[in-house]
Amino acid sequence: MPAAIEFYCWVAVAARDDRKLGIYSEEFSASAEADLSSTALQPSKTWSDYPVGVALQLEQAGFRLLGANLLIESEVPMGAGLSSSAAIEVATALALSGQSGWSPDRVQLALLCQRAENEFVGARVGIMDQFVSLHGQENHTLMLDCRALSFESLLIPDSIRLVISNTMVKHELASSEYNRRRADCEEAVRRLSTVLPGIRALRDVSLEQLEEHRKVLSEITYKRALHIVSENTRVLDSAVALRSGDIVRFGMRMAESHRSLRDLYEVSCRELDLMVDLAHQQKGVYGARMTGGGFGGATINLVDARYAGEFKEKMAKSYQKETGLVPQIYICKPAEGAGPFPSSDL
């Protein structure tokens with residue numbers, strides 16, 4: 001259940017006479033070049049793999065691209081679990097396809113951006129970040145079915161703010177542990193399929209079935225599976241809550257989700273847990289949980305708009321007192337997904 005937020009990545013594009021990409025990143029003050037005619041492009045293990053990987057996926061999908069110079073500027077905090085990589089991928093995909101005269105379907109674009117990160121960057125991410133970057137709607141969250149790639153827009157009341165609290169830590173094991181969690185879940189599916197023929201993913205397993213066949217799983221794979229199965233249930237119930245405007249119920253599901261991420265999926269850390277604990281001590285808070293891949297990054301907090309400013313001030317002071325770190329805290333609302341920069345703002 002993602003939402004687009006009011007952070008942006010801009011990609012300016014200009015045509016070239018050759019088939020090369022010249023890419024400059026304002027954030028890194030660095031440039032890179034890639035020849036689209038080459039069949040030997042390899043990942044550089046740097047920031048440029050994201051736009052280059054997207055270009056290669058567009059080409060492989062049959063969208064022949066023109067050479068281009070790209071200027072990338074992003075205000076999405078890196079390492080905070082706020083989908084900075086998806087923002088770059090989606091902005092690059094829209095810029096390159098538009099400049100080359102193509103208008104791919106947005107679902108297809110999301111899949112191509114995901115594949116770029118999976119196959120060229122090497123991160124086994126799902127489709128959610130890229131999808132919501134392309135399909136986000138102002139004042140709404142999306143209940144996304146990642147298999148059918150269908151979604152329902154659910155209203156977030158104007159009386160609510162999404163407050164993002166960046167812990168300012170990112171532990172080095174985050175990327176490798178994320179891939180390991182994916183492998184744990186896939187192993188759970190393999191083992192459960194011996195007693196539940198026909199299942200393709202943990203979404204096909206009910207809580208009752210998981211408990212009944214727990215013996216075929218190791219303790220670790222059981223914990224990972226229990227998190228996924230229960231999290232899917234929480235998402236469905238959260239949608240019911242939003243449809244009826246029950247923000248208290250929605251906030252309770254957020255709290256349960258964080259506990260599950262902490263205890264069963266084991267992707268939280270001391271700083272994230274502290275942020276969540278401090279949030280629940282503040283006035284006007286409905287729910288709080290970590291966001292992103294974990295092991296640092298940010299929390300997302302559902303806060304009554306009347307208390308958002310006070311929440312920001314008190315959270316910053318309390319967190320700094322406990323850790324010595326100065327957090328970045330942003331008060332946001334759900335925003336529109338990616339699109340052309342309005343000409344009136346140029």
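**Figure 1. Salt bridges in the predicted model.** The count comes to 26 salt bridges, where a salt bridge is a side-chain nitrogen of Lys or Arg within 4 Å of a carboxyl oxygen of Asp or Glu. This is a predicted model, in which local features need pLDDT of at least 70 and side-chain atom pairs count only at pLDDT 80 or more, whereas totals for chains, interfaces and linings use all residues. Residues are numbered from 1 along each chain as its sequence is written, and side-chain values use heavy atoms, with hydrogens and water left out. One of the bridges joins the side chains of Asp18 and Arg16, at 2.9 Å from N to O. Asp18 counts as partly exposed, at 32% relative accessibility, and Arg16 is likewise partly exposed, at 22%; here buried means under 20% relative accessible area, exposed over 50%, and partly exposed in between (1.4 Å probe, protein chains only).

**Figure 2. The salt bridge between Asp158 and Lys333.** The N to O distance between these two side chains is 2.7 Å. Asp158 lies in the loop between strand E6 (150-155) and E7, and Lys333 in the segment after strand E10 (328-332), so the pair ties together parts that are 175 residues apart in sequence. Helices (H or I, at least four residues) and strands (E, at least two) are DSSP runs, numbered from the N terminus.

Figure 3. An α-helix has 3.6 residues a turn, so residues three or four places apart point the same way. Leaving aside residues up to four places away in sequence, Arg181 touches Arg224, Tyr265, Glu266, Val267 and Phe295, a contact being heavy atoms within 4.5 Å. Arg224 and Glu266 also belong to a network of salt bridges that includes Asp184 and Lys223.

**Figure 4. Helix H8 (residues 247-263) and its cover.** The 17 residues of H8 should span 24 Å at 1.5 Å a residue, and the end C-alpha atoms are 25 Å apart, which agrees; the expected span is 1.5 Å times one less than the number of residues. Among the buried residues of H8 are Ile247, Phe250, Met254, His258 and Leu261. The cover over the buried residues includes strand E7 (160-170), helix H7 (219-243), helix H9 (270-279), E8 and E9.

**Figure 5. The hairpin of strands E8 and E9.** Strand E8 (residues 285-291) is mostly covered, with five of its seven residues buried. Six bridges join E8 to strand E9 (residues 296-304), and the two run antiparallel; strands pair if DSSP finds at least two bridges between them. Met290 stands opposite Thr299 in E9. Four residues lie between the two strands, and Gly292 in the turn has a positive phi of about 90°.

**Figure 6. Helix H4 (residues 128-135) and its cover.** H4 is mostly covered, six of its eight residues being buried, namely Gln130, Phe131, Val132, Ser133, Leu134 and His135. What covers these buried residues includes helix H2 (84-99), helix H3 (106-121), strand E5 (140-145) and E6.
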